[in-house]
Amino acid sequence: MVWTRRMTLGLSTIVGLLSMLATPAVAGGAAVAAAQAAGCAATTFGMQVTGTGPTPTASCVNDAITAEPSVTLTEADAGKTITLRVGQTLGISLPAAYRPTVVRGPALVKALTRGGYPTDQPLFEVYRTGTAGSADVSTATDYACLHTTPRCALPQKLWQVHIDVVGIGG
């Protein structure tokens with residue numbers, strides 16, 4: 001069967017499609033995944049999809065950040081240990097001089113980064129709790145003058161927190 005269908009895909013669906021297209025099963029043209037616009041997030045991309053095989057299965061994954069994070073950390077929280085439950089979100093709000101954070105550990109998945117060095121906008125990030133476990137989130141300040149000759153003498157600040165994620169009942 002040959003099919004042609006105009007679809008509107010959410011960002012998460014496009015990322016999923018690109019991941020699937022890199023797999024051997026799909027690279028051979030055996031399957032194509034697609035989502036339809038009904039019920040999807042407002043951010044969409046149009047795409048014409050044509051192929052052979054079964055008609056795509058419609059799905060919709062909405063991974064948009066729609067609410068305030070469960071917990072938001074600031075510069076004052078440096079060095080703390082925070083406990084979250086699976087399903088909660090973690091917000092990080094730091095001054096513009098901080099670089100985007102780095103996470104070590106499987107318990108958090110970065111969902112949003114906005115601002116931070118070198119944008120001159122305050123850094124705001126959101127992490128989703130993935131699985132029970134732990135993670136360290138860290139960053140440091142940076143300034144344009146540290147990348148010139150001669151370098152400026154501004155001190156750099158390190159910021160790190162330890163996150164423990166527990167199961168729903170934990």
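**Entry 1. Surface and overall make-up**

I began with the surface: the protein chain has an accessible area of about 9800 Å², and carbon and sulfur atoms account for 59% of that area. I note at once that the model I am reading is a predicted one. I then looked up burial and found that 30% of the 170 residues in the protein chain are buried.

I next listed the secondary structure. The protein chain holds 2 helices and 10 strands. Read from the N terminus, the order of elements is β-α-α-β-β-β-β-β-β-β-β-β. I also looked up how contacts span the sequence. Of the contacts in the protein chain between residues at least 6 apart in sequence, 66% link residues at least 24 apart.

I turned to the sheets. Strands of a sheet pair through backbone hydrogen bonds, and they do so either parallel or antiparallel. I found an open sheet of 4 strands in the order 3-5-8-7, and its pairing is mixed. Strand 3 (71-73) and strand 7 (108-114) are its edge strands, each pairing on one side only. On average, neighbouring strands of this sheet are turned by 20° against each other, with direction ignored.

I followed one pairing in detail. Strand 3 and strand 5 (residues 89-94) run parallel and are joined by 3 bridges. Within strand 5, leucine 90 is the residue that stands opposite valine 71.

I recorded another open sheet of 4 strands, with the order 4-10-9-6 and mixed pairing. Its edge strands are strand 4 (81-85) and strand 6 (102-104), and each of them pairs on one side only. From one strand to the next, the twist averages 25°.

Here too I followed one pairing. Strand 6 pairs with strand 9 (residues 133-140) in the antiparallel sense, over 3 bridges. Aspartate 136 in strand 9 stands opposite arginine 104.

**Entry 2. Threonine 129**

Threonine 129 lies in strand 8, which covers residues 123-129. Is threonine 129 buried or exposed? Its relative accessibility is 11%, and buried means under 20%, so threonine 129 counts as buried.

I then asked which backbone oxygens the side chain of threonine 129 reaches. One is the backbone oxygen of glutamine 88, at 2.9 Å from the side chain of threonine 129. Another is the backbone oxygen of arginine 85, which lies 3.4 Å from a polar atom of that side chain. Leaving aside neighbours within four places in sequence, I listed the residues in contact with threonine 129: Leu84, Arg85, Val86, Gly87, Gln88, Ala107, Leu108 and Val165.

**Entry 3. The disulfide**

Finally, I searched for covalent links between cysteines. A disulfide is a covalent bond between the sulfur atoms of two cysteines. How many disulfides does a search of the whole structure find? The search of the whole structure finds 1 disulfide.

The bond is formed by cysteine 145 and cysteine 152, with their sulfur atoms 1.9 Å apart.

Cysteine 145 has a relative accessibility of 26% and counts as partly exposed. Cysteine 152, with a relative accessible area of 24%, is partly exposed.

Key
Residues are numbered from 1 along each chain as its sequence is written. This is a predicted model: local features need pLDDT of at least 70, side-chain atom pairs count only at pLDDT 80 or more; totals for chains, interfaces and linings use all residues. Side-chain values use heavy atoms; hydrogens and water are left out. A disulfide is a pair of cysteine sulfur atoms within 2.5 Å. Buried means under 20% relative accessible area, exposed over 50%, partly exposed in between (1.4 Å probe, protein chains only). Contact means heavy atoms within 4.5 Å. Accessible areas come from the Shrake-Rupley method with a 1.4 Å probe; for residues, only the protein chains shown count as cover. A polar contact is a pair of N or O atoms within 3.5 Å; within protein, one must be able to donate a hydrogen and the other to accept it, and residues adjacent in sequence count only if both atoms are side-chain atoms. Two strands pair if DSSP finds at least two bridges between them. Axes are lines fitted to C-alpha atoms, for helices over the stretch in contact, and angles run from 0 to 180 degrees between N-to-C directions.
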